[in-house]
Structures are given as C-alpha cells and as structure tokens.
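Open the model in your viewer and keep the selection tool at hand. We will go from stop to stop together.

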Amino acid sequence: MTTQTAIVFAGGGSLGAVQVGMLRALVEANVQFDRVIGASVGAINGAYFAARPDVQGVETLADFWRNLNRADIFPLSWLDTCRGLIKRRGFLLQPAALHRLLGQALPIHRIEDAQLPLHIVTTDLLSGAETVLSSGELEQALLASAAIPLVFPSVQIGDQFLVDGGVASNTPISTAVTLGANKVVVIPTGFSCALTQPPKGLIALALHTVNLMSMRQLVSDIEHFRTLTSLHIVPPLCPVDVSVFNFDQTDALLERAYEQTLRWLDRGGLERTKVPGALTIHSHAHEH
C-alpha cells in the first residue's frame, strides 16, 4: 500500500510562528509530504509551504513572520469599531490589512497552482459544517479560513458564508483522513500555557479563547484518529508566556520550535503516536 502523507497545520494567532520553526526542521530532515491541509493561521502557513515546499520557501516564510507586527493583521481603530457597533455590522475589524498583507506575500493566486495539493479548511457560518476549499482564489479562501467570528466579517464564496476553520476543525485531522492520507503529521501551535493574567482587550481574549478550545479539540481528535491512521504530532513549545495576540517574540518562538523539533526528530518522533504533554491541560502558575 502506497503511503500518502499529509501535513496538517493548526490555527493559533501569533503562535503560527512556532509552526515555521517546526517546518524548517522537518524540511531540513527531508521529510516528504503529499498534501497540505490548514485552518486559520495554519492555512496561511500551509498555503505558503504548498506553493514553495523547500528550504528556501520556508526561509522566505520565516522572514515574512519576522517582519510581521500586530497592526499588519489587527489594525485597531476606535473610530471604525464604534462605527461598526452603531451600524450593528457584526464584526470588530475590517480585513483590509490582512487582505493587503496576503496580496503582497503569497507566491501564487489560486489554490490549484500550489506544487503540493492544498486544502484550506473553513466553517459554513449557517450550518457549522467544515467546508474544505481545494480550488479557487487563494486569497479569498485564506481570508475565510482566518475570519475569526466577531473579529472579522464572514467571506462569501459561492452561496456560502464562510468563517474561521477553527470553529469546525482547528486541526483538521479528519480532513486529511477523508482525503486518503494514511500518515498524518500534525504541527500544532500549542497554547499560551504560562500566562499569569488573561489577555486584555476583546480581540486578544477572543483569540485566546478560540485557541484554548482548539487545543482541547485537538487532543480528543488525536485520541480518536490514532487508531485509524498513522498519526504523528510535533510537540508544541512549553512553557509559552506569549499571548496569541502578541507578535513581539516571533524570532525566539521560531528558533525554539526549530531546535526542539530537531531533537524530537533525532529521538524518533516520526515513529511515535502520542499526545505531547505540552497539549494536555496544565499550568505553570506555581512557578511564578
């Protein structure tokens, strides 16, 4: 039986930088993938990797992350927010900044132009169903997959109103299995396990909450699918004291994830299937 290996990118705001460090180690170790699946920020990383699945492509993606700041994605404007509340528009931020950022950064324009088959996971806002986009305009698909409810507007594609893939399936292992993968490598973002205070502000709190829910869902998905496919989860970083809304520590996250993933590979990580301890519920409160 031929091995079909999928790489699955989870969502997780600014912790998406962790995935790039993991990816760098995997690519340097010459791990080969047959298809790419991503949700939310993981869809953006996944799309870039699917378009340029080599060391140089990953290095360019790393540079993209190093130059990223919060205003590039979440340009807070009290005037615009107040106008939105008055008009009862249903979201806090316009997606114009993210739209512009993707337009500048993406090396391809259509999903089917990627070198590796690419699948972007979104959620149908009316039914809650996971909706996988495997062709069509890439930028619109990514805006939909990253449209955090209440933060960004839904994106209409065809007759569907689509929002963040994390609502239905933030780490879409099920999509990989449905598409025929019999080996799945998951690169999660992890979560901010070492914060001493909840993040301040509506958007930061929304991102943090969605991320916590997503990582809980990932653990139950791993337990469910580990008997159905060969499943390998790259361990996320721990401890992490950076909120998913904080883009100030990108370089440190990238390097830590790269070095930790190299060690994981050296210890035979790709032969084991288990839930990394960093994904289980834990706290570092006693350390402070």
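Start by selecting helix α1 (residues 16-28) and helix α3 (residues 55-66), which pack at about 160 degrees with their axes 10 Å apart. That makes α1 and α3 roughly antiparallel, a label for angles over 145 degrees. Their crossing is left-handed, meaning that the near helix is turned anticlockwise from the far one by less than a right angle. Axes here are lines fitted to C-alpha atoms, for helices over the stretch in contact, and angles run from 0 to 180 degrees between N-to-C directions. Helices (H or I, at least four residues) and strands (E, at least two) are DSSP runs, numbered from the N terminus.

A word on the source: this is a predicted model, where local features need pLDDT of at least 70 and side-chain atom pairs count only at pLDDT 80 or more, while totals for chains, interfaces and linings use all residues. Residues are numbered from 1 along each chain as its sequence is written, and side-chain values use heavy atoms, leaving out hydrogens and water.

Next, pick aspartate 54, in the loop between α2 (41-51) and α3. Its C-alpha atom is 6.6 Å from that of valine 27, 27 residues away along the chain. Aspartate 54 has 35% relative accessibility and so counts as partly exposed, the class between buried (under 20%) and exposed (over 50%), with a 1.4 Å probe and protein chains only.

Finally, select phenylalanine 161 in strand β6 (residues 160-163). Phenylalanine 161 is partly exposed too, because its relative accessibility is 33%.

How values were computed
Angles under 35 degrees count as roughly parallel, over 145 as roughly antiparallel, 65 to 115 as roughly perpendicular and the rest as oblique.
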